[in-house]
Amino acid sequence: MKARIFVTLKNGVLDPQGKAIHHALEGLGFSGVNDVRAGKLIELDLADGTSDADIEAMCTKLLANTVIENFRIERL
Amino acid sequence: MKSAVIVFPGSNCDRDLAVAIEQVTGRAPAMVWHRETELPDGTSLIALPGGFSYGDYLRTGAISARSPVMDAVARAADRGVPVLGVCNGFQVLTEAGLLPGALMRNAGLNFICRDVALTVENAQSAFTSRYDAGETITIPVAHHDGNYFADDATLDRLEGEGRVAFRYAEACNGSARNIAGILNAQGNVLGMMPHPERKVEPAHGGTDGRRLFEGLLETVGA
């Protein structure tokens, strides 16, 4: 089984990378982009039967830094 | 003083730190590989060096913070052993939960490598006793991810408890409240982005970093 972990910066945390992407989009002439936030997608290939609690623990212990990031788990 | 410098894959300031510690204390530190599960008996100072451990993969310091040796570092910190984290070492300490907050990409997105002026905010810790409160010192920074972040409540607590050790005298990398270095609640763990080990002898262009190690020697004893 596989799971996807989406890691995103919390609201209110400055995202310099997103800002740079935003500027680059404007530089390419795309108007109407109000804001850009960059995050990460981590794909896990897991043993069948891996529990939700285990995946959650992987996120809180390593994959996301909950001081600055939120995460969302999507089982495939 | 028996000191230990922790070496992670991708550390690159470990030898600089070892040289600075040996020059000031007269005793070479043990170089402890990150896979170790114990520190040498009687270790009375632990230093986490700068560098780009694990290539900054995932987040700076994130993977190193989960190294086997970090359990031993956390236990020693609990016992009151001074722990100094410089640059990547600071990032590792926040990721390990030994210090609050996080170090993010510099606000200007540039790697910043230059001397900066720092204001000493707390001159009473084991690390800063040889400085005067309010003094301005010059120490170099060399980092891409030194933008200190914590929520307002944490920042207020750090300031209220005198746990901001150093501030940038002028805005440098976007750090909240210009924070350059912080202490844990017990006062025995210091994380700082600037590199004191790069200012210990006149050939470095200044010696403002030397007093940090001298203060530690005085506190810990020879």
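The chat below walks through the sheets, a helix pair and the chain contact of a predicted model.

Trainee: Let's start with chain B; in what order do the strands of its open sheet run?

Mentor: In this predicted model, nine strands of chain B form an open sheet in the order E2-E1-E3-E4-E11-E10-E9-E6-E7, and the pairing is mixed. The edge strands are E2 (30-33) and E7 (136-143) of chain B, each of which pairs on one side only. From one strand to the next, the twist averages 25 degrees.

Trainee: What joins E10(B) to E11(B)?

Mentor: Strand E10(B) is joined to strand E11 (residues 189-192) of chain B by three bridges, and the two run antiparallel. Within that pair, Leu183(B) has Leu190(B) in E11(B) as its bridge partner. The hairpin of E10(B) and E11(B) has five residues between the strands, and in that hairpin Gly187(B) takes a positive phi near 85 degrees.

Trainee: And how do E4(B) and E11(B) run, parallel or antiparallel?

Mentor: They run parallel, with four bridges joining strand E4 (residues 83-86) of chain B to E11(B). Here the bridge partner of Leu84(B) is Leu190(B) in E11(B), and Leu190(B) is also the bridge partner of Leu183(B).

Trainee: How many residues of E10(B) are buried?

Mentor: Strand E10 (residues 179-183) of chain B is mostly covered, with five of its five residues buried. On another pairing of this strand, E9 (residues 164-168) of chain B is joined to E10(B) by three bridges in an antiparallel run, and Arg167(B) stands opposite Ile179(B) there.

Trainee: Why does Ile179(B) count as buried?

Mentor: Ile179(B), which sits in strand E10 of chain B, is buried because 25 other C-beta atoms lie within 10 Å, and the cut-off for that label is 20 or more. Leaving aside neighbours within four places in sequence, Ile179(B) is in contact with Tyr148(B), Val164(B) and Arg167(B). For Val164(B), which is 15 residues apart from Ile179(B) along the chain, the C-alpha atoms of the two are separated by 6.8 Å.

Trainee: Switching to helices, which residues of H5(B) are buried?

Mentor: In helix H5 (residues 210-220) of chain B, the buried residues are Arg210(B), Arg211(B), Leu212(B), Phe213(B), Gly215(B) and Leu216(B). Helix H1 (14-25) and strand E3 (45-48) of chain B are included in what covers them. Just after H5(B), Gly221(B) takes a positive phi of about 90 degrees.

Trainee: How do the axes of H1(B) and H5(B) cross?

Mentor: Two packed helices are described by the angle between their axes and the distance between the axes. For H1(B) and H5(B), the axes come within 9 Å and cross at roughly 55 degrees, and the two helices are therefore oblique to each other. The crossing in which H1(B) passes H5(B) is right-handed.

Trainee: Which residues make that contact?

Mentor: From H1(B) the contact is made by Ala20(B), Ile21(B), Val24(B) and Thr25(B), and from H5(B) by Arg210(B), Phe213(B), Glu214(B) and Leu217(B).

Trainee: Over to chain A; what is the order of the strands in its open sheet?

Mentor: Three strands of chain A form that open sheet in the order E2-E1-E3, with antiparallel pairing. The edge strands are E2 (40-45) and E3 (69-75) of chain A, each pairing on one side only. On average, neighbouring strands of this sheet are turned by 20 degrees against each other, direction ignored.

Trainee: Which helix packs on that sheet?

Mentor: Helix H2 (residues 52-63) of chain A packs on the sheet, touching E1, E2 and E3 of chain A, and its direction makes about 150 degrees with that of E3(A). Within the sheet, strand E1 (residues 2-9) of chain A and E3(A) pair in the antiparallel sense over seven bridges, and the bridge partner of Ala3(A) in E3(A) is Arg75(A).

Trainee: Last topic, the contact between the chains: how many residues does it take from each?

Mentor: The contact takes nine residues from chain A and 12 residues from chain B. On the side of chain A that touches chain B, the largest share, three residues, comes from helix H1 (residues 16-27) of chain A. The residues of that side of chain A divide into seven nonpolar, two polar and no charged.

Conventions: Residues are numbered from 1 along each chain as its sequence is written. Chains are lettered from A and ligands numbered from 1 in the order in which they are written. This is a predicted model: local features need pLDDT of at least 70, side-chain atom pairs count only at pLDDT 80 or more; totals for chains, interfaces and linings use all residues. A residue is buried if 20 or more other C-beta atoms lie within 10 Å of its own, exposed if 12 or fewer, and partly exposed in between; C-beta atoms are placed from the backbone. Two residues are in contact if their C-beta atoms, placed from the backbone, lie within 7 Å. Ala, Val, Leu, Ile, Met, Phe, Trp, Tyr, Cys and Pro count as nonpolar, Asp, Glu, Lys and Arg as charged, and the others, Gly among them, as polar. Two strands pair if DSSP finds at least two bridges between them. Axes are lines fitted to C-alpha atoms, for helices over the stretch in contact, and angles run from 0 to 180 degrees between N-to-C directions. Angles under 35 degrees count as roughly parallel, over 145 as roughly antiparallel, 65 to 115 as roughly perpendicular and the rest as oblique. A crossing is left-handed if the near helix is turned anticlockwise from the far one by less than a right angle, and right-handed if clockwise.
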